Amino acid sequence: MPDYIKQEFPRSRIATIDIGEIGRHKHHISALVEIDVTESRLKLKELKRNSGDVSFTAWLIKVICQTISNNKEIAAFLKGKRHLYIFDRINVSFLVEKEIDGQKVPIPLVIENVAERTVESINKQILDSKNVVLTESDIVLQAKSSRIERLYYRLPSFIRRSFWRFLLKFPKVVYGKMGNVAITSVGMIRQINGWFIPISIHPVCFGIGSVIKKPVVVDDEIVVREIMNMTVLIDHDVVDGANMVRFINELIKNIEKGKFL
């Protein structure tokens, strides 16, 4: 008989599996891009000398959401086949890795009104979330789970997923609970030279990869630059291809120029 270890499966992972199943049926278009962040990271280092309360991740969240605020239809929810819900504020669901009962699991942190906030305040909320003590029945960081949400894990899978399908018919409720933008960053965990393609139920989702030094051509010369891999998922039911391309181009320019630093 082979040796093996039997572990309890974290209940908080159940919601992740359910969202993945529902997200597979969304009509997301995936864009895999490389972004030169050399100048931005130099600006960030200079800013850190004057204020230690900033991070590359917090700034990325800021610049992504500020760019979306100029293109709000990118983060719009489709209700039925006739109406779009375009919200004034950009609220982000950002995945934070937490340890629950000895196991590391991703838990969403909702960061509200990001476009109007400073990089310092975003960074502080992320840091504070790492000190929040959770139980396996908690679903969202810094938001107390209701009795109905705690009951969620006890339901059969077909009921849980029917709940998600039903919930997505009410954009205002979904926006209030989980925002209209999703961002996850595996680049914070370990350096990987590649892309990952997340699954999401949000209208727009960003998968932030690692920053890798690569040779690139600048002014007809080969130089070594710091390149970040990013995956962008955009709901094609909401936005057409031309607007996607314009948005992604604007986002890349803002990141490479180090805007809002």
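In which sense do strand E1 and E8 pair, and over how many bridges? The points below take up this question and a few others.

1. This is a predicted model, in which local features need pLDDT of at least 70 and side-chain atom pairs count only at pLDDT 80 or more, while totals for chains, interfaces and linings use all residues. Residues are numbered from 1 along each chain as its sequence is written, and side-chain values use heavy atoms, with hydrogens and water left out.

2. Strand E1 (residues 28-36) pairs with E8 in the antiparallel sense, over 9 bridges. Strands here are DSSP runs of E, at least two residues, numbered from the N terminus, and two of them pair if DSSP finds at least two bridges between them. Look for Ile29, whose bridge partner in E8 is Ile234.

3. E8 also pairs with strand E7 (residues 204-218), in the antiparallel sense over 13 bridges. Val218 has Glu221 as its bridge partner in E8. The two strands E7 and E8 form a hairpin with 2 residues between them, and Asp219 in the turn has a positive phi of about 55°.

4. Strand E8 (residues 221-235) is largely enclosed by the rest of the structure, because 11 of its 15 residues are buried (under 20% relative accessible area, with a 1.4 Å probe and protein chains only).

5. Of the 18 lining residues, the closest to its centre are Lys26, Leu78, Arg165, Leu168 and Asp237; lining means having an atom within 4 Å of a point.

Note on methods:
On a 1 Å grid over the protein atoms alone, a cavity is a set of points where a 1.4 Å probe fits but cannot get out, and a pocket is an open set with protein on both sides within 12 Å along at least five of seven lines; lining residues have an atom within 4 Å of a point. Buried means under 20% relative accessible area, exposed over 50%, partly exposed in between (1.4 Å probe, protein chains only). Helices (H or I, at least four residues) and strands (E, at least two) are DSSP runs, numbered from the N terminus.
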